[in-house]
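Work through these exercises on pockets. Try each task before you read its solution.

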Amino acid sequence: MKKIKLFNLFSTSLVCSSLLMTAPVSAAEAHSGQLSPNSQMPIEKKESVIPNTTTSFVLTKNNQKQTVDDTVKYIESQGIKVKSVVPEIGWIETDRTNHHQEKKIEKDTHADVQTPDNQANNSYTPTAVPSQPNFSSPMNKYFWNRQWNMHMMTKNPDNYANDTQSHVKIGIIDSGITDEYRQRLGSRIRYTENFVPRGGFNYMDHDETGNPHDTNDRIGHGTSVTSLVAGTNEMVGVNSNATIDEYRVFSHKGCSSSWVLKALIRAVNNGDDVINLSLGRYGLLTGGYLNGRANNDMPEYQAWIRAVQYAKQHGSTVVVAAGNENINLNDPQAMTAYINKNNPQLHAVGQGVSLPASVPGIVQVAATGNQGERAEYSCYSKDSVYAPGGDSNRTGINHPNQFFIPTDWLLTYGGHGTQYSFGIGTSFAAPEVTGMIAHEISKNNLYGQSDAVIAKLRQSLETNKHGLPCVILDKLINDDHASATNDNSRHSSSSSSSSSSSSSSRSSNHFEQQEQQEDSHDWWQQIQQQIAE
């Protein structure tokens with residue numbers, strides 16, 4: 001019997017915020033220097049990040065249509081190719097500019113230019129990668145007893161399924177969704193779009209054709225994130241009634257900020273009520289790279305501010321995973337130190353920032369373990385709200401040669417038939433909050449009212465025994481029916497899951513029967529053996 005080896009997996013650029021059981025992944029597939037999903041995987045340290053050598057970004061002095069149009073015309077008049085434009089926020093992606101061209105654009109148009117090839121941590125990457133190996137669910141078996149995270153977030157699991165009149169639309173900006181899982185969800189998937197262009201990141205992804213309909217998940221992160229919201233026939237999801245829009249922004253090699261910003265604006269324009277971003281990276285607000293000789297990331301930060309403001313003005317609530325590096329996001333120097341520790345060749349000086357987790361106006365989600373403690377890997381700040389993401393300090397993750405039983409990791413669906421896996425990360429905590437906010441919007445008729453959504457969310461937070469402000473579904477959808485209780489007593493007996501063509505609800509009695517069935521069989525031990533072999 002082979003024993004699973006777990007790899008420490010923390011990274012720095014824009015990445016997903018989750019940890020999974022998996023084999024080592026490439027730098028372009030790790031977290032925190034690149035956009036990354038926050039879901040089930042081991043935590044692997046990112047040694048380096050692929051620099052973007054083919055692109056520059058321009059942020060116009062304002063996002064008025066005439067200003068954007070005039071800036072685009074000027075750039076093209078200088079013989080510089082414009083790759084894409086996000087007019088709603090004045091964000092322009094061009095072929096790489098040289099120093100002379102940058103200064104000329106800034107002088108003549110009053111725009112700000114950012115040159116990513118000066119920054120080795122410029123690519124967004126998933127913070128987690130789907131676990132390898134997966135395991136197959138036994139016939140007619142359910143996982144309710146193993147979904148401790150779902151028990152922790154409500155005293156009444158019927159809350160996950162009873163919102164049958166919901167018209168809420170959830171947008172998930174991630175690595176896409178497998179074709180098989182999309183078919184299983186059927187009409188619940190309302191819209192899909194691919195934002196990865198032909199050639200992918202730095203033209204290194206030869207399988208990327210730029211087909212806008214190609215949303216098939218290459219890395220598994222987006223599928224796992226979606227499964228926590230939508231569930232399956234065997235696994236309960238947080239929200240089994242909302243419709244879901246999928247936006248793919250990850251290739252195998254990386255992810256450009258332009259792809260994510262374009263996807264966010266598209267999600268807003270599509271009318272998505274709540275939008276999930278389980279990804280991120282670290283950058284510089286002041287100073288610069290190469291001891292200040294290269295520019296910083298202020299233009300990108302300002303673009304994010306404009307994008308989130310645009311979302312709020314149009315009634316969309318943006319939920320972001322905090323990240324998996326155990327950093328206080330209120331400490332700019334800690335983020336700068338993290339950049340230099342993982343990419344010492346950058347010589348970053350100035351105040352660091354987490355993108356987009358530090359952007360004002362978003363809901364920033366940190367992770368707890370199954371005892372309600374802050375997960376040892378989770379980033380955090382004074383603005384964080386908390387949801388279950390799993391922890392790694394009691395499961396053997398720091399002991400690679402020890403038999404692994406993921407008692408405090410989260411169960412997710414792998415997107416292929418009966419394949420499931422376990423993982424941890426803020427990438428998983430974020431979609432739980434996204435799904436609960438969708439319930440909040442529906443139950444309280446808060447459609448199109450992002451400020452009111454966030455205000456009620458914060459008013460309903462429950463401080464647990466560890467002093468952490470946790471999102472609890474009972475209080476979020478109906479304060480009158482909520483009472484402060486110990487997190488450990490939160491155990492429910494019902495929920496819902498999606499089938500290939502519709503959502504189906506399970507009654508509390510049905511879950512009680514499941515629990516009795518599970519307790520009377522040794523199938524869980526068989527799965528543990530299956531994972532280890």
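**Exercise 1.** What volume does the second largest pocket have?

*Solution.* Start with the size. In this predicted model, the second largest pocket has a volume of about 300 Å³. Next, find its centre. The pocket has 21 lining residues, and N330, A357, S358, V359 and D383 are the closest to the centre. Then look at the elements. Two or more lining residues come from each of α8 (332-342), β14 (352-355) and α10 (450-459).

**Exercise 2.** How do the residues lining the second largest pocket divide into nonpolar, polar and charged?

*Solution.* Sort the lining of the second largest pocket by type. It holds 11 nonpolar, seven polar and three charged residues.

**Exercise 3.** Which residues are the closest to the centre of the largest pocket?

*Solution.* Take the volume of the largest pocket: about 390 Å³. Now go to the lining, which has 22 residues. The closest to the centre are F195, V196, P197, W259 and K262.

**Exercise 4.** Which element gives the most residues to the lining of the largest pocket?

*Solution.* β3 (82-86), β9 (189-194) and α6 (257-269) each supply at least two lining residues. Now pick the top one. α6 gives the most, with three residues.

**Exercise 5.** Why does the largest pocket lie between domain 1 and domain 2?

*Solution.* Check each domain in turn. Domain 1 (55-114) gives residues to the lining of the largest pocket. Domain 2 (123-476) gives residues to this lining too. Both domains contribute, so the largest pocket lies between them.

Conventions
Residues are numbered from 1 along each chain as its sequence is written. This is a predicted model: local features need pLDDT of at least 70, side-chain atom pairs count only at pLDDT 80 or more; totals for chains, interfaces and linings use all residues. Side-chain values use heavy atoms; hydrogens and water are left out. On a 1 Å grid over the protein atoms alone, a cavity is a set of points where a 1.4 Å probe fits but cannot get out, and a pocket is an open set with protein on both sides within 12 Å along at least five of seven lines; lining residues have an atom within 4 Å of a point. Grid points are joined across faces, edges and corners, and a volume is the space filled by probe spheres set on the points. Helices (H or I, at least four residues) and strands (E, at least two) are DSSP runs, numbered from the N terminus. Domain bounds come from an automatic or database domain assignment. Ala, Val, Leu, Ile, Met, Phe, Trp, Tyr, Cys and Pro count as nonpolar, Asp, Glu, Lys and Arg as charged, and the others, Gly among them, as polar.
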